[in-house]
Structure formats: structure tokens, C-alpha cells
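Please keep the sequence and the 3D view at hand while reading.

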Amino acid sequence: MLKQIGVVTSTYGHYTLEYALSSIAAAGFCNAELWAASPHYCYADYTLPERQQRREEIAALLKQNGLSMPVLYPEQMNKYTLNIAAAAPYTKTFSMDRILEYIDDAKFWGAQSMLLGTGWHHLDDPGPEKYQRSVAAIRQAAEYAAGQGITLLIEPAAPQTGTFAWDLSSLVRLLKDVDRENVKACLDLSSILDGADRVERWYKMLEGNVGHIHFADKGGRAPEDGGVLLMDELEQLERLGYNGTASVNITFRDCCLVPDRQIFLCGQWLKERGLIG
């Protein structure tokens, strides 16, 4: 059975984090998955003392709203220049330093897991050496994360980002090549449904090496038409033996304009099915 169901805070990107966490709690959730990006929390926004202060402010906000943070989701691909697979030594070192700091953040907030980007390459110049740099960097981050008790999660991203994991086969290959016990897959059920695929195939191809689930209905929306297909996928995960963490991840284009509507719809849908209290 799914446990520790939460909400990814990216849906509230145009609202304060105070508002986001209050709304998530009011919708009936006990967990929040912080999308670590500006304006809520980003390495580029603070001096070191300011960053520690912000860490403590976020911990207090979580406590105030009765929320936990099982998973941390630092933005690494879309808004910032982090690239752990970079050829330039400075860029690679700078990027890895920021990732290790985010792992420290995850531990500070009591998270069990953290999303990790694979790094990226230029689409017209993929090159095997770039892939090997990604594998080596993920192993380096995994070694540090293991010392902090953190599992790293790799989620396929859109191929136009230059990611090294963009579909099931590339994800399977990357995880096998990284070959670290604390590096697992994060599956996005909305993307799987949008591709007319099924989670059973992904789970079996990954041999159960799945550490977290992002979910929403097709198109990254709250469940529509009863959410029959989405519920089928969640029930299939239970039959497959998955009992880990999961987060609602609403991502359709205008979701940030009225995030409460989508999150409250999800909360109600999950309550009616006994998945949250």
C-alpha cells in the first residue's frame, strides 16, 4: 500500500511557501515534497548564514502545518545551470557541490529520498563520454548520500532537456550502469498514462527498483471522470508489492494559477478511496 502520500510544491510556484504548505495541509495531506526552486528555496538566493536560516524557517513551517517531508525535489534541469555531467571542471564541481548541499538539506528536513537530475548534454552532440560522466557523477552523489541515509531518485525527463534518462529503456540502462543500492527510479504515472503505457511494464522492467511515485491523471491534472485509469495504476502498484512514498504532482500548463482547486480535488479523491485520512 502507498504510504506517506504528499504533494509536490511546484504547483504553488507563484505563491509563497507559507501559503503552499497551509493549503496542502488544509486539503488533508500530511506530507509535502519541496520543489527546491526560487522563490521558495534555491541555492542561488542566499548566503550560507541566510540559507541556514531559511532551512530552519522551512522546518518551522512544516511543523506549524503538521507536515513531514519524506522526499526533497531540488530543481536542477529547467531553471538553473547545474550539470553534474559537464565537461568543464568548474561547472561540474560547482554543480556537484550544490547537489551535496541539497543532500544535506534533505537530511536536515528528515527526508528519506531526494530527486537527482542526471546532468545533460547538447542534443546534437550526445557522445558516450558524456553519459559516462553522468554515471560517475551519480555514483559520487550516491556515495555521499549513503553516508547521510538518503536514497537518490532518478525520474525520466523530456528528451529535449538533454537528460540521460528519458524513457523506460534509458532509465533501466542508467540504473544498471550506476549500480548503487541507494539509487532508485521515480516513476511518473501521468507521463506513463499519457504514453498509453502501464506501470506494470515499467515496474517489472526495473525489477522493482522503484523508490518513489509521482502521480496525477492524464495531462498532469487532478483525477477526471472518476480517475479510473489512475486508480487502476495505483492498485497495480500495490499488487506488485510497492509500499513506498508517493506524491501528487500536478503539472499542466496553467495549474499554478489556481493550485488549490487541483490539490483539493486530489485530496478529496484520495479520501474517498481511503488513501489519505
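The structure is a predicted model. Helix α9 covers residues 259-272, and helix α3 covers residues 89-108. A search of the whole structure finds 2 cavities of 30 Å³ or more.

**Helix α9**

- Helix α9 is made up of 14 residues, and the distance from its first C-alpha to its last is 20 Å, close to the 20 Å expected at 1.5 Å a residue.
- The residues P259, Q262, I263, C266, G267, W269 and L270 of α9 are buried.
- These residues lie on the same side of α9 because they cover an arc of only 165° around the axis.
- R261 and E272 are exposed, and they sit on the face of α9 that is turned away from its buried side.

**Helix α3**

- Helix α3 has 20 residues, which should span 28 Å at 1.5 Å a residue; the end C-alpha atoms are 29 Å apart, which agrees.
- Within α3, the buried residues are S95, M96, R98, I99, L100, Y102, I103, D105 and A106.
- These buried residues of α3 pack against the helices α2 (48-64) and α4 (128-147).
- They also pack against the strands β2, β3 (71-74), β4 (113-115) and β5 (151-154).
- After α3 comes G110, with a positive phi near 80°.

**The largest cavity**

- The largest cavity holds about 40 Å³ of space.
- Its lining consists of Q76, M77, L82, N83, I84, I99, G117 and G119.
- By class, this lining has 4 nonpolar and 4 polar residues, with no charged residues.
- I99, one of the buried residues of α3, is among the residues that line the largest cavity.

**The second largest cavity**

- The second largest cavity holds about 30 Å³ of space.
- Q4, G6, N31, A32, E33, P70, V71, H212, A246 and S247 line the second largest cavity.
- The elements that each give two or more residues to this lining are β1, β2 (31-36) and β8.
- With 3 residues, β2 gives the most to the lining of the second largest cavity.
- The lining of the second largest cavity has 4 nonpolar, 5 polar and 1 charged residues.

**Residue Q76**

- Q76 is located in the loop between β3 and α3.
- Q76 counts as buried because its relative accessibility is 7%, and buried means under 20%.
- Leaving aside residues up to four places away in sequence, Q76 touches L82, I99, L115, L116 and G117.
- Q76 and R261 are 185 residues apart in sequence, and their C-alpha atoms are 27 Å apart in space.

Note on methods:
Residues are numbered from 1 along each chain as its sequence is written. This is a predicted model: local features need pLDDT of at least 70, side-chain atom pairs count only at pLDDT 80 or more; totals for chains, interfaces and linings use all residues. Side-chain values use heavy atoms; hydrogens and water are left out. Helices (H or I, at least four residues) and strands (E, at least two) are DSSP runs, numbered from the N terminus. The expected span of a helix is 1.5 Å times one less than its number of residues. Buried means under 20% relative accessible area, exposed over 50%, partly exposed in between (1.4 Å probe, protein chains only). The arc is that of the directions from the helix axis to the C-beta atoms. On a 1 Å grid over the protein atoms alone, a cavity is a set of points where a 1.4 Å probe fits but cannot get out, and a pocket is an open set with protein on both sides within 12 Å along at least five of seven lines; lining residues have an atom within 4 Å of a point. Grid points are joined across faces, edges and corners, and a volume is the space filled by probe spheres set on the points. Ala, Val, Leu, Ile, Met, Phe, Trp, Tyr, Cys and Pro count as nonpolar, Asp, Glu, Lys and Arg as charged, and the others, Gly among them, as polar. Contact means heavy atoms within 4.5 Å.
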